[in-house]
Amino acid sequence: MKYTKALFFLFLTIISLSFGQSPIKEIQPEIVFQPDLSKKTERKLKRFHELLDKQNLNNKEDSELQKLFEEFDETTESIWSIIGSGCSWYCGGGNYKADASSELKSNGNISYSVESANDLNYKTAWAEGVNGSGIGEYLEYHFKNKSPKVTHIIVSNGYLKSNKAWSNNNRVKRLKVYVNGSDYAILNLEDSKTDQRFKFDGFIPNSDGKTDIILKFEILEIYKGNKYDDTVITEIYFDGIGVH
């Protein structure tokens, strides 16, 4: 049986190559990280900043602060901040614009616009706005031609702001990546309330040295939500080299 399966995939490869096409590579997450967005941690962080700002701590407070330093530092402003205020690749890198094929209509003061997947915040999220599950909908991130090189793509999959929001809405299962309109890879995402980090080979400046580099992320397949048929991505963000 296993030989039959192997021959089948070999046949598909030969057919693909005969038409001048190579199978697009599929990538698994290199690192999966679950951010702690709990109320308990939010309260601890608030207490941490209270103690940092207080003058003349007593012994008990000083001991409490030293213990909190094991979890936080001065750059940790909020549990919802993806990057924080410390130095990161975004100090000199990052995209300057994002676009979306569609957006779900805002619900009161809650926006599902493309900016919500480009604000480095776990509390906000983009949701596609078409009927059905959003297969074929996409996000685009624009980089200046001389932008520092991207080496990793990180996807915060689903609506991370709460367990209920995450489970009620669709999450992405497979996300196709294009670089300047050309196929690059398919990202295979876990169905977990996490940041999922994928290694990216980077890009070189366009030959004219002027036009943008555009990374496009197209929804190919989803994990079904319990209540809504809206596919949600909290954030797509990047890491790289060339900023220090």
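1. Arg47 is partly exposed, with a relative accessible area of 28%. Here buried means under 20% relative accessible area, exposed over 50%, and partly exposed in between (1.4 Å probe, protein chains only). Glu64 is partly exposed too, at 29% relative accessibility.

2. This is a predicted model: local features need pLDDT of at least 70, side-chain atom pairs count only at pLDDT 80 or more, and totals for chains, interfaces and linings use all residues. Residues are numbered from 1 along each chain as its sequence is written, and side-chain values use heavy atoms, with hydrogens and water left out.

3. The structure holds eleven salt bridges. The term means a side-chain nitrogen of Lys or Arg within 4 Å of a carboxyl oxygen of Asp or Glu.

4. Helices (H or I, at least four residues) and strands (E, at least two) are DSSP runs, numbered from the N terminus. Glu50 is partly exposed, at 40%.

5. Arg47 also meets Glu64 in a salt bridge (3.0 Å, N to O). Glu64 lies in helix α3 (residues 59-68) and Arg47 in helix α2, so this pair ties together parts 17 residues apart in sequence.

6. Which residue forms a salt bridge with Lys54? Glu61 does, and the closest N and O atoms are 2.4 Å apart. Glu61 is buried, at 11% relative accessible area, whereas Lys54 is partly exposed, at 39%.

7. Finally, the network: salt bridges with shared partners join Arg47, Glu50 and Glu64.
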